[in-house]
Amino acid sequence: MTVTREEAIELLEAMVRIDSVTPWLIPGGAGEGEVARFTRDWLADLGLDATLEEVEPGRPNVLAWLRGSAPGPTICLSAHSDTVGYANWPDRALHPVIEGDRMIGLGVADDKGGCAAAMLAVRELVRSGAELAGNILVALVIDEEGISIGTEHLVAHHAAEIDLAINLEPDGSHTIFGEHQGFGWIDIVVHGEPAHGSAPDKGVDAIVHMAEVVTRLHRLDETRWKPNPDPKNGRTVFHTGTISGGTDYATYPNQAVLGIEIGTQPGETLADRVAEIEAIFAEVKESEPRFRGEVIVRLDRDPFTGEGNEALLDALADATEAVNGVRSPITGLNAWTDAALFQSAGIPTVLFGPEGGNYHAAEEWVSIPDVIATTEILRRTLVTMLGTSVSPAQ
């Protein structure tokens, strides 16, 4: 049996229609409770041992076990059930539409397409009567679009039960990722000295000093990171995100705060980026002796570098060749995913998922044929890794 287009559409539509905006990112967001109950029930109907594990009130991970008939490793298929907000969408954010081979809707690619592929893959194993030498855990986690408390909770409580993981994120079933960048969210705080606008000898303009910092950060990006991308992970991520400062028109600003997102490549840490920013502070201070700045790290996520995942990488590559006719390359990604949290917990991990586009933007889409292809690739990979067989009756 193979998944039909109609089956893939039916499951995707049902999930997209359920609002699951993470409240960490959008205050008042609906959260993942309703979509978690839907997916839990769907998986339980297959005969899986499916439960909700609350991470925060009303925000549960879904854990569904397909247990084998013989001993063997446990493979976790993980995807996230939350989405970003939809303020910039037309009315159809939660009313998915089909345009050719694409479904358009909020979170349809990031990451409900990944959720659907995992769910449909285990359904195909159940349908075929596959006998597993090992177990499959489908983990549909919360808050990846926030600060990943869902996967943090999962690995904190269940890492010992998981031997391997496939983290499902959209990109296309023709690419397998064995590593990706880390990142940090950093506040750069520049301190000034408040004074009347007519008293420049007393005032220190924090905003002017911040402009010097921003100019040098941009120069660092243009001269070091942009022209020297990582061979696998691409250009090191850097962009400004937020800025605030000052109190009124008539007063020298006593403070300016710049929020940035900045990447780290395998072998680097966020401390390397902080040192570069502090070197910029020293440079500004040479020409502006009254300059004062500090760095506050808000979030620090390590890069993902897969280790011990060679058999899983080979099985995925073999499956992509069988399904797509072309063996997928194994490369890196210039973004961050929960794969890093699995690997940091000692779980060999691979990153993979269906093709999509317009992530975090209006008109987000996923390829319906690629969701189906991803489902079959996952099924074949699980058959290879767990030594499954199909009962003669099937």
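This is a predicted model: local features need pLDDT of at least 70, side-chain atom pairs count only at pLDDT 80 or more; totals for chains, interfaces and linings use all residues.
The domain assignment divides the chain into two parts: domain 1 covers 5-180 + 303-386, and domain 2 covers 182-301. The C-alpha centres of domain 1 and domain 2 are 36 Å apart. The size of an interface is often expressed as the accessible area that is lost when the parts come together. Between domain 1 and domain 2, about 1,100 Å² is buried, and 56% of this area lies on carbon and sulfur atoms. One salt bridge is counted between domain 1 and domain 2. A salt bridge is formed by the side chains of E152 and R301, with an N to O distance of 2.9 Å.

The UniProt record, an unreviewed entry, places the feature "domain: Peptidase M20 dimerisation" at residues 179-286. In the model, this span is 34% helix and 28% strand, and its end C-alpha atoms lie 39 Å apart.

Strands of a sheet pair through backbone hydrogen bonds, in either a parallel or an antiparallel sense. Both arrangements occur around strand β7, which comprises residues 133-141. Strand β2 (residues 59-66) pairs with β7 in the antiparallel sense, over five bridges. Strand β3, by contrast, runs parallel to β7 and is joined to it by eight bridges. The residue A139 of β7 illustrates both pairings: A139 is the bridge partner of L63, and A139 also stands opposite S78. Strand β7 is mostly covered, since eight of its nine residues are buried.

A further set of pairings involves strand β10 (residues 182-191). Nine of the ten residues of β10 are buried, and this strand is therefore largely enclosed by the rest of the structure. Strand β10 pairs with strand β12 (residues 255-264) in the antiparallel sense, over ten bridges. Within this pairing, V189 stands opposite V257 in β12. Strand β10 also pairs in the antiparallel sense with strand β13 (residues 292-301), here over nine bridges. The bridge partner of I186 in β13 is V297. The residue R301, whose side chain meets that of E152 in the salt bridge, falls at the end of the range of β13, residues 292-301.

An open sheet of four strands has the order β4-β5-β18-β17, and its pairing is antiparallel. Strands β4 and β17 stand at the edges of this sheet; each has a single partner strand, so one side of each is left without a neighbour in the sheet. The pairing of β4 with β5 extends over three bridges. In this pairing, E99 has R102 of β5 as its bridge partner.

The loop between β3 (70-80) and β4 (97-99) contains G85. This residue is partly exposed, with a relative accessible area of 25%. This classification follows because the value lies between the limits of 20% for buried and 50% for exposed residues. When neighbours within four places in sequence are left aside, G85 is in contact with V21, I26 and L106. The residues G85 and D19 are separated by 66 residues in sequence, whereas their C-alpha atoms are 9.5 Å apart in space.

Most residues other than glycine have a negative phi, and most peptide bonds are trans. The peptide bond that joins D110 and D111 is cis, with an omega of about 15°. The residue D111 is located in the loop between β5 (102-104) and α3 (112-128). A positive phi of about 65° is found at S148, although S148 is not a glycine. This residue belongs to the loop between β7 and α4 (149-158). With a relative accessible area of 1%, S148 is buried.

A positive phi, near 65°, is likewise found at H360, a residue other than glycine. The residue H360 lies in the loop between β17 (356-357) and β18 (365-367). The relative accessibility of H360 is 49%, and H360 therefore counts as partly exposed.

Notes: Residues are numbered from 1 along each chain as its sequence is written. Side-chain values use heavy atoms; hydrogens and water are left out. UniProt positions are given in the numbering used here, feature names are shortened, and annotations may be inferred rather than shown by experiment. Helices (H or I, at least four residues) and strands (E, at least two) are DSSP runs, numbered from the N terminus. Buried means under 20% relative accessible area, exposed over 50%, partly exposed in between (1.4 Å probe, protein chains only). Contact means heavy atoms within 4.5 Å. Two strands pair if DSSP finds at least two bridges between them. Domain bounds come from an automatic or database domain assignment. Buried area is the accessible area (1.4 Å probe) that two parts lose on being put together, summed over both. A salt bridge is a side-chain nitrogen of Lys or Arg within 4 Å of a carboxyl oxygen of Asp or Glu.
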